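Welcome! Let us take a friendly walk through the structure below, starting with how its parts meet and then turning to each part by itself.

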Amino acid sequence: MQQVLITALDATNFMSALLLVTLGLVIIFGLMNVINMAHGELFLLGAYMVVAVDRAGGSFWLALFAAPVALAGIGLLMEELVVRHVYHRFIDTILATWGLSIVIKQAVIILFGPTAQQVSNPLPHAFPIAGAAYPAYRLFIMAVALLVAGATFLLFYRTNLGLAARAVIANRPMASSLGINTRRMDRFTFAFGAGLAGLAGAVMAPLMSVDPQMGVGFLIPAFLSILVGGSGTLLGALLGTTLIAGASTVVSSIWTQIIAQVVVFSVAIVVIRLFPQGLTGSRK
Amino acid sequence: MSSPRIGVATTIGVWVVLAAAPALLNEWRMSQLAQLVSYGIFAMSLSFVWGQTGLLCFGQAIFFGIGAYVMAMLTKGMLHGWPSGTGFGLLAASLVPGAVALAAGPLMFRGRGLSGAYFAIVTLAAAVIVERAASHWDWIGGFNGLLDVPPLRIAFGGRQVDLLDTVPVYYTLLAAAALVYAVLLSLERSPRGTVLRAIRDNETRTSYFGVDVARYKTLSFAVSGCVAGFSGALFATQFGFVSPALIGVPLSTEVLIWTALGGREVLLAAFLGALLVRSVESVLSGALGNYWLLALGALFVLTVVLFPAGLFGRVLALPLPKRMRQG
């Protein structure tokens, strides 16, 4: 029973981090129709922001605020310099952002070296839950993800800005004719998505070994979450991350992490094949 | 727009230079070049499926790797009861990946098939799976791979002779490249090739013409898989060593870069892209170290944004087949 509870908490923890990455990805994909292959590297940069701030003598909590802000800036720069030039060539957005991911990863290797960095746990306590001690920091991550995801849902479904963004997702030319500045909306979207990825990287840094390969480890599950859940709505992202993160954690608690990855990816591919619009998507 | 006749002249020129290379380069450079030729064939396989059919495959190294492993296991005699000759090895190393692609094609393209972006992501995930599986599968050497893959053997006066000298090896590979080029080019220029490009440019419209899009995509994917496997097999004989690094994401990414930089829509441009990137890398990566990949990535982004046709795509583009030229 206790083991089941711990596994469930671990799954929720993984899901929380994955949800932050996936939300950014799904907003960028839904609104701009851009597949951002560099999203994993934005996550990576978020984690390395923590390392950089730590080296400069700053506290972890400072880094937690600095990472999303810095990443939003980097996202804005990426959008302005590269992505906006290939909007009309859908496949080329994949290639261009893939190239950016190579550049970012290599820049990180040059600046910080190829080896893994450790970030000390800012909340080294354990919390008693049903007789088991559970790390407090993991609970903190869940709280952050819940808060941020909730704020994103409110932003998109309860504000004028969100209404305009959803209008652009539904019908870009129509939204543009109604006076919505789609150009500004694109910039905002990309920066917002990048900021979320940065936040995810920063909160996950103390739990993972921070190394230049960690980006792709989150990128693929995040993409599969979107494809499994459905790319049309934020709810699809929530469903997708729940399934992918839950399945990964459960399988890896029974066998190994490698088997979990292979099994979950394979099943996800089959689900995508059976439901090309995602599980929440309507059939066309 | 340059005259299409220039394309014919430059294409012939490239093959002449490649044929004359042994007279121009020293022994060591020749052996390097021979290895690059197998990468060049690999790039042509991607150019066919991506540049012609519009299927952006992020897992092309799966087929290259399968070909390399099949070749290694056959010629090392690990599979009892199967012939261990070079010829059979090359045949099997082409057919097995082709069959894999043929089996995977209908799963991905039939019915409400995967659209362009989903295909890219699914192939990327597949490359991760296959790489993981190969590094943990002890029968095929696990993480360490398989060592001591024999070189190419040819029947010579009733005996089997190992092909070890640089120049014969180079010419064998160049002949293989020319063969692949001829086959793929004739497919491209046939009426079926025109259908492939129609699918690339507008899938919906092509299907309204009554074309079985899924079937064409599957066949193109299978042909590309065959060629990639063949190049992997050739690579294994030269390198003498296969490992999970040949089957996963990094090599799939590299071949995408070569093909995009060279020119995705022109076979020979993709081929030269592989040769150029790899030879520049061998010269510069020592001096530039980690900055090499940074520069390559930046160049790749620039090419995608500014020159989607690639560095050589324009100059090597051949004129349209005669039946498609207007009066």
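Two residues are in contact if their C-beta atoms, placed from the backbone, lie within 7 Å. With that in mind, please remember that what you see is a predicted model.

**Where the chains meet**

By this definition, 32 residues of chain A are in contact with 30 residues of chain B. On the side of chain B that touches chain A, three helices each supply at least two residues: α4 (86-109), α5 (116-135) and α12 (291-306). Which helix gives the largest share of that side? The largest share comes from α5(B), with 12 residues. Sorted by class, the side of chain B that touches chain A holds 24 nonpolar residues, four polar ones and two charged ones.

**A helix pair across the interface**

Helix α5(B) has a partner in the other chain to look at. In chain A, helix α11 (residues 257-274) packs with α5(B) at an angle of about 155°, and their axes are 10 Å apart. Angles over 145 degrees count as roughly antiparallel, so α11(A) is roughly antiparallel to α5(B). The crossing in which α11(A) passes α5(B) is left-handed.

You can find the meeting residues in your viewer. From α11(A) they are A:Ile258, A:Gln261, A:Val262, A:Phe265, A:Ser266, A:Ile269 and A:Ile272. They meet B:Tyr118, B:Val122, B:Ala125, B:Val128, B:Ile129, B:Arg132 and B:Ala133 of α5(B). The residues of this contact of α11(A) with α5(B) comprise 11 nonpolar, two polar and one charged.

**Chain by chain**

Now for each chain by itself. Chain A contains 11 helices and two strands, and along the sequence these elements follow the pattern α-α-α-α-β-β-α-α-α-α-α-α-α. The radius of gyration of chain A is close to the value from the globule rule for 284 residues, so chain A is as compact as a globular protein of that length. Chain B has 13 helices and four strands. For its 327 residues, a compact globule would have a radius of gyration near 20 Å, and the value for chain B agrees.

Here are some values for the two chains:

| Item | Chain A | Chain B |
|---|---|---|
| Radius of gyration | chain A: 19 Å | chain B: 20 Å |

In chain A, of the contacts between residues at least 6 apart in sequence, 74% join residues at least 24 apart. In chain B, residues 24 or more positions apart account for 79% of the contacts with a separation of 6 or more.

**A helix pair inside chain B**

How do helix α2 (residues 27-52) and helix α9 (residues 213-239) of chain B cross, and within what distance do their axes come? Their axes come within 9 Å and cross at roughly 170°, which makes α2(B) roughly antiparallel to α9(B). From α2(B), the contact is made by residues including B:Ala34, B:Ile41, B:Phe42, B:Leu46 and B:Phe48. On the α9(B) side, B:Phe221, B:Val227, B:Phe230, B:Leu234 and B:Phe239 are among them. The residues of the contact of α2(B) with α9(B) divide into 15 nonpolar and eight polar, with no charged residues.

How values were computed
Residues are numbered from 1 along each chain as its sequence is written. Chains are lettered from A and ligands numbered from 1 in the order in which they are written. This is a predicted model: local features need pLDDT of at least 70, side-chain atom pairs count only at pLDDT 80 or more; totals for chains, interfaces and linings use all residues. The radius of gyration is taken over C-alpha atoms; the globule rule is 2.2 Å times the number of residues to the power 0.38. Ala, Val, Leu, Ile, Met, Phe, Trp, Tyr, Cys and Pro count as nonpolar, Asp, Glu, Lys and Arg as charged, and the others, Gly among them, as polar. Axes are lines fitted to C-alpha atoms, for helices over the stretch in contact, and angles run from 0 to 180 degrees between N-to-C directions. Angles under 35 degrees count as roughly parallel, over 145 as roughly antiparallel, 65 to 115 as roughly perpendicular and the rest as oblique. A crossing is left-handed if the near helix is turned anticlockwise from the far one by less than a right angle, and right-handed if clockwise.
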